[in-house]
Protein chains: 2
Amino acid sequence: MRRFVVGRGRRLINHSHHYQNQKHHSHNHLLSSHYHSRFLSSTPVLDSPSSMAPNTSPPVTIDNLNPKVLKCEYAVRGEIVTLAQGLQQELQTNPGKYSFDEILYCNIGNPQSLGQQPITFFREVLALCDHPSILDRSETQALFSADSIERAWQILDQIPGRATGAYSHSQGIKGLRETIAAGIEARDGFPADPNDLFLTDGASPAVHMMMQLLTRSESDGILCPIPQYPLYSASIALHGGTLVPYYLDEATGWGLEISDLKKQLEDAKAKGVTVRALVVINPGNPTGQVLSEENQREIVEFCKQEGLVLLADEVYQENVYVPEKKFHSFKKIARSMGYGEKDISLVSFQSVSKGYYGECGKRGGYMEVTGFSPVVREQIYKVASVNLCANISGQILASLVMSPPKVGDESYESYCAERDGILSSLARRARTLEDAFNSLEGITCNKAEGAMYLFPRIHLPEKAIKAAEAEKSAPDAFYCRRLLNATGIVLVPGSGFGQVPGTWHFRCTILPQEDKIPAVVSRLTDFHKSFMDQFCD
Amino acid sequence: MRRFVVGRGRRLINHSHHYQNQKHHSHNHLLSSHYHSRFLSSTPVLDSPSSMAPNTSPPVTIDNLNPKVLKCEYAVRGEIVTLAQGLQQELQTNPGKYSFDEILYCNIGNPQSLGQQPITFFREVLALCDHPSILDRSETQALFSADSIERAWQILDQIPGRATGAYSHSQGIKGLRETIAAGIEARDGFPADPNDLFLTDGASPAVHMMMQLLTRSESDGILCPIPQYPLYSASIALHGGTLVPYYLDEATGWGLEISDLKKQLEDAKAKGVTVRALVVINPGNPTGQVLSEENQREIVEFCKQEGLVLLADEVYQENVYVPEKKFHSFKKIARSMGYGEKDISLVSFQSVSKGYYGECGKRGGYMEVTGFSPVVREQIYKVASVNLCANISGQILASLVMSPPKVGDESYESYCAERDGILSSLARRARTLEDAFNSLEGITCNKAEGAMYLFPRIHLPEKAIKAAEAEKSAPDAFYCRRLLNATGIVLVPGSGFGQVPGTWHFRCTILPQEDKIPAVVSRLTDFHKSFMDQFCD
């Protein structure tokens, strides 16, 4: 029988997210000294750079750059992905070298990179807005749907001078914000104000903007779920704040326990950290759970009681795969509890990159900012204005996503077919992968209720943990590296998201196209069996 | 005879950029207390937010947000622009209220907002890449030029899976970077490496990325020209560094004196500031000068000697209007001096927003990063990866701008006609406005050699300075506000860019369409005369 050594793992690496930073630093210093020895050559280093002899030390080294940059980690595009990109190049020049013929990127929620097709109507409108001079041509009527042409005209009329090539208002084009606000109202059944919307180049810059606003020093903390999407830890690190973790409970399907939130908040306060905000990702990333309404109400109440800003990552709002769960925005929940502008400060993040649309490359998104005073809002506007505006195509797409074709529109049926085809296929893929993981020895996987990911737990044998230790690698990264080299499948180690110390996981997207899923499953299964055979006593 | 009171102005406001911050803070506190009194109402403030009674103080106030955000200023979209937006709305509801019927935004380099048309070929390619499924249709051949169709195919073939909706490599799509590198080589006559390019959503995020990398604390300084484009002061403030000013010499056409650079560097060192980089904007913003080759060589030598990163803002590289000047990239200058990778750390910023293309809304751009060690480059890549990638349309446009149609291409002639039409018109507009300003009493204006701006100096009468003082306004902001209210013309006060203390300027773009220039000139002239009549003894 196989022995699993969770206890040993815990002793070995006390906090997986701390571990990563340590590893990173030693790696940097190693490379840094290599660099010095290569560049400084025989010229002596000068004490005064103002002397007449040229200064030959490079102005920027790993030792004198912003330590916040060094501290920041983003595993979704980290070491394993860099290795995968190297393998991909090798496959091109030497196709027979490996037992697989392509790299399958299951590391990142990037649907169109794996073959998902864009929604036709959205692309028609974008193309017409990019080149409006064809709108009046007869050939255009043959090439484009009637409602896409009509929508393009509507959008152009909302843009001053129909100038899709101009900077817009720094919060985004007013008319598009009105469309989005109407979409939010239709979704929630509560009013939305276009002036509360800040259109951004995807959700990431919006998250950065809020972290920048909230973080004065490392004494300011942000409550984040563990596991979390590493944008949050990266952004907090870059802005010099403190991530205050709260653990999602794997045993109850990644449940969020208010008692744990309270405990972590009190612990942080005792350490002198002022907790400013709570991040909730719903549906969950990397964990895929969908919060219950009751749980959401508790969270709203908690933020209100504790005076925390609620930062609601709601980018997977269209990605719910189980009939018993439904997405509810936190704003809807708060309003339905009778809490208005004066009761709770709430920011909702949305993106065109996720949902059934999956338009990652367009970098569109918005945040809805409610419950902040006018003077604070003015500061958010100022920061937005320094970057001028979000890209206009992304702005247009954000409006389309929140206001897709309606009954009676020429594109309505094809739009529904495309949307439902993608969503039902994602649900099937989630289920198939979940079952596959659960069938493997030493792996347990919670239900993927939503989002685009599974986050299975892997009970690694002691021998594997020792082998990882010998390679100075986190055990889950060790597993993912081996998997990549054996199968071409790219996963992200759980240590990149944070996990209960001594437990190991990985994140796997449900995004490979359906005809590839059987191959993914069989490659994963074969690899896992041979890995366990190798490392179990 | 009129008396100009430069001395008095200097005594009144010692440093115009300090002045702005002070003004801003007092303004904030004013609004802040107003906000408190409105929201806190009769409920007592609770000491412990953990008590069971709800916490009614808003979590974020002007007093507890990141002070770096408060400190940051961006006058290009500041107070005057907010006033102008208000006027514009009033004009819509009450058209007869003012003596003008439209707001003329001369505050920002946003050509298409003032009627400049996009380059047709660029928009054709963008539209086809947005909706590639029409590429094979016969109607497309009638609607689009043959070379735009061909280029769209080429670009799609450079994108893995032809997925324009996927996140790309965090530095940008490899094939597009190769195209851009080839364009740089053709421009400079020196090699360029696609791996040195980081494609970004416009130049602003690239500047932020470098400031983030270089700034550890307020003891790190960045040498910036005064006057400067306020992105730099804003970014330095947001990242908590110190702006080390060097003054451009208005008397010699905004010349850059190495002796002043050295003096400012030594002063900063004496104050304990570690100067890390030198920002040079060429062609100049807001000052419009084009540096001579000789001056550029001196700057390169200075950075090399002093061990400074040279941050070269070269976004106006296509905007040169005088035959005696030519744009040379700093990389070309450094390489022509025999300085390679190991000799100087150099970052060049380019954008699709400027030039003859003026595609501000597309948010495309890149930075070329040379002379940094691999480990430092790895850190830049990591920061880029946290935001995943720049928007793909912007990436495509950046490649088009650096590789426009060539002799023999179907679009070549129309492309040249569009480009030359825009550039020659810009040159005429620059000249007309320059002459107009110089014809006004108390205004002197240097030649607009390049970029999109004039930065005239205004010698304000003592009475006007007093009147501004009474309104707690900087005198140049006072002038610009009056101008706006009288004419609808939006300028940016010189205090938003920095200027020699006691001198006053404003920035005016050369971007109103040519048929509007006579009206701009006559409105400016009439206003200025009546202003001087009112305020001169």
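# Helix packing and chain contact

Reader: Which helix of chain A holds both Glu293(A) and Arg297(A)?
Author: Glu293(A) and Arg297(A) are 4 residues apart, about one turn of the helix. Helices (H or I, at least four residues) and strands (E, at least two) are DSSP runs, numbered from the N terminus. The helix with both residues spans 293-306 of chain A and is H12.

Reader: What kind of model is this?
Author: Residues are numbered from 1 along each chain as its sequence is written, chains are lettered from A and ligands numbered from 1 in the order in which they are written, and side-chain values use heavy atoms, with hydrogens and water left out. Local features need pLDDT of at least 70, side-chain atom pairs count only at pLDDT 80 or more, and totals for chains, interfaces and linings use all residues, this being a predicted model.

Reader: How far apart are N and O in the salt bridge of Glu293(A) and Arg297(A)?
Author: A salt bridge is a side-chain nitrogen of Lys or Arg within 4 Å of a carboxyl oxygen of Asp or Glu. The side chains of Glu293(A) and Arg297(A) form one, with an N to O distance of 3.6 Å.

Reader: How many salt bridges are counted between chain B and chain A?
Author: Over all chains, the count is 48 salt bridges. One bridge joins Lys362(A) to Asp130(B), whose closest N and O atoms are 2.4 Å apart. Between chain B and chain A, the number of salt bridges is 2.

Reader: What percentage of the area buried between chain B and chain A comes from carbon and sulfur atoms?
Author: The contact (heavy atoms within 4.5 Å) takes 112 residues from chain B and 112 residues from chain A. Buried area is the accessible area (1.4 Å probe) that two parts lose on being put together, summed over both. Here the area is about 9,100 Å², and the part given by carbon and sulfur atoms is 55%.

Reader: Which three residues supply more of the area that chain B buries against chain A than any other three?
Author: Together they supply 8% of the area that chain B buries against chain A. The three are Arg77(B), Leu143(B) and Tyr167(B).

Reader: Are H8(B) and H15(B) roughly parallel or roughly antiparallel?
Author: Helix H8 (residues 174-188) and helix H15 (residues 392-401) of chain B pack at about 25 degrees with axes 8 Å apart. Axes are lines fitted to C-alpha atoms, for helices over the stretch in contact, and angles run from 0 to 180 degrees between N-to-C directions. Angles under 35 degrees count as roughly parallel, over 145 as roughly antiparallel, 65 to 115 as roughly perpendicular and the rest as oblique. H8(B) is therefore, relative to H15(B), roughly parallel.

Reader: Which residues of H15(B) make the contact with H8(B)?
Author: The H8(B) side consists of Leu176(B), Thr179(B) and Ile180(B). The residues of this contact divide into 4 nonpolar, 3 polar and no charged (Ala, Val, Leu, Ile, Met, Phe, Trp, Tyr, Cys and Pro count as nonpolar, Asp, Glu, Lys and Arg as charged, and the others, Gly among them, as polar). On the H15(B) side they are Gln395(B), Ile396(B), Ala398(B) and Ser399(B).

Reader: Is H9(A) oblique or roughly parallel to H14(A)?
Author: Helix H9 (residues 203-214) and helix H14 (residues 374-386) of chain A pack at about 125 degrees, their axes 11 Å apart. H9(A) is therefore, relative to H14(A), oblique.

Reader: Which residue of chain B is joined to Pro227(B) by a cis peptide bond?
Author: Pro227(B) is in the loop between strand E3 (220-226) and H10 of chain B. The omega of the bond is about 0 degrees, and the partner is Ile226(B).

Reader: What is the omega of the cis peptide bond between Asn282(B) and Pro283(B)?
Author: Pro283(B) is placed in the loop between strand E5 (274-281) and helix H12 (293-306) of chain B. The bond from Asn282(B) to Pro283(B) has an omega of about -10 degrees.
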